[in-house]
Amino acid sequence: MIRLSPQQTSKVKIEDATFTIRPLTGADIVCITCEPGPGMKLLETVKRGLVGWDGVNETDGHVAIFDGRIEGLPSDVLVRLSAEVWKVTHPSENDEKKFASGPQSSTGA
């Protein structure tokens, strides 16, 4: 049986911001693997997996509205988000049990 990729979202807390991510689809993964290097793969992973945020501000202090652009995010946040997107895309057995019981959040750094 072929099943469509799940589109359940998860929340990731990084410092004072909360990011909403989703698992990658098969098409997303194919596109990411075609990127030319690890940096581009990481950026494409975040672009495809990040679907929203709260608590992110512009440099002038105003609230940054999520519009899909990630260029201003610090590199450590991009690395963390990429790892979290892959984690929800390919969960461990324990993670799968947690995801099946409802929406999850990840906290830290």
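## Thr89 and its contacts

Setting aside neighbours within four places in sequence, Thr89 touches Pro23, Leu24 and Ile29. This is a predicted model, so read the distances here as those of a prediction. Thr89 belongs to helix H3, and its relative accessibility of 15% puts Thr89 in the buried class, because that class covers values under 20%.

Helix H3 covers residues 75-89, and Val88 is part of it. Val88 is buried too, with a relative accessibility of 11%. Along the chain, Val88 and Ile21 are 67 residues apart, yet their C-alpha atoms are separated by 8.4 Å.

Leu78 also sits in H3. Is Leu78 buried or exposed? It's buried, at 9% relative accessible area. Once the neighbours within four places in sequence are left out, the contact list for Leu78 reads Leu42, Leu43, Val46, Ile70 and Leu73. For a C-alpha separation, take Leu78 and Lys47: the two are 31 residues apart in the chain and their C-alpha atoms are 9.7 Å apart.

## Asp28 in H1

Now for a charged residue. Asp28 is in helix H1, which spans residues 26-33. With a relative accessible area of 5%, Asp28 is buried, because the cut-off for that label is under 20%.

Which partners does the Asp28 side chain have? There's a polar contact with the side chain of Arg22 at 2.9 Å, and the Asp28 side chain also reaches the backbone nitrogen of Thr25, again at 2.9 Å. If you skip the neighbours within four places in sequence, Asp28 is in contact with Arg22 and Arg48. So Arg22 turns up both as a polar partner of the Asp28 side chain and in this contact list, because the 2.9 Å pair falls within the 4.5 Å used for a contact.

## How H1 meets H2

Two packed helices are described by the angle between their axes and the distance between the axes. For H1 and helix H2 (residues 38-49), the axes come within 9 Å and cross at roughly 155 degrees. That makes the pair roughly antiparallel, because the angle is over 145 degrees. The crossing of H1 past H2 is right-handed.

Who's at the meeting point? H1 brings Asp28, Cys31, Ile32 and Thr33, while H2 brings Lys41, Glu44, Thr45 and Arg48. Sorted by class, this contact holds 2 nonpolar, 2 polar and 4 charged residues. Asp28 is one of the H1 residues in that set, and Arg48 is one of those from H2; Asp28 and Arg48 are also in contact with each other.

## The chain as a whole

Stepping back, the chain has 4 helices and 4 strands. Reading from the N terminus, the order of elements is β-β-α-α-β-α-α-β. How much of the chain is buried? Of its 109 residues, 35% are.

Last, the contacts across sequence: taking those between residues at least 6 apart, 59% join residues at least 24 apart.

Notes. Residues numbered from 1 in each chain as written. Predicted model: local features only at pLDDT ≥ 70, side-chain atom pairs only at ≥ 80, totals over all residues. Heavy atoms only, no water. Helix = DSSP H or I, 4+ residues; strand = E, 2+ residues; numbered from the N terminus. Buried < 20%, exposed > 50% of the residue type's maximum accessible area, 1.4 Å probe, protein only. Polar contact = N/O pair within 3.5 Å; in protein donor to acceptor, adjacent residues only side chain to side chain. Axes fitted to C-alpha atoms, helices over the stretch in contact; angles between N-to-C directions. Parallel < 35°, antiparallel > 145°, perpendicular 65-115°, else oblique. Left-handed = near helix turned anticlockwise from the far one by under 90°. Nonpolar A, V, L, I, M, F, W, Y, C, P; charged D, E, K, R; others polar.
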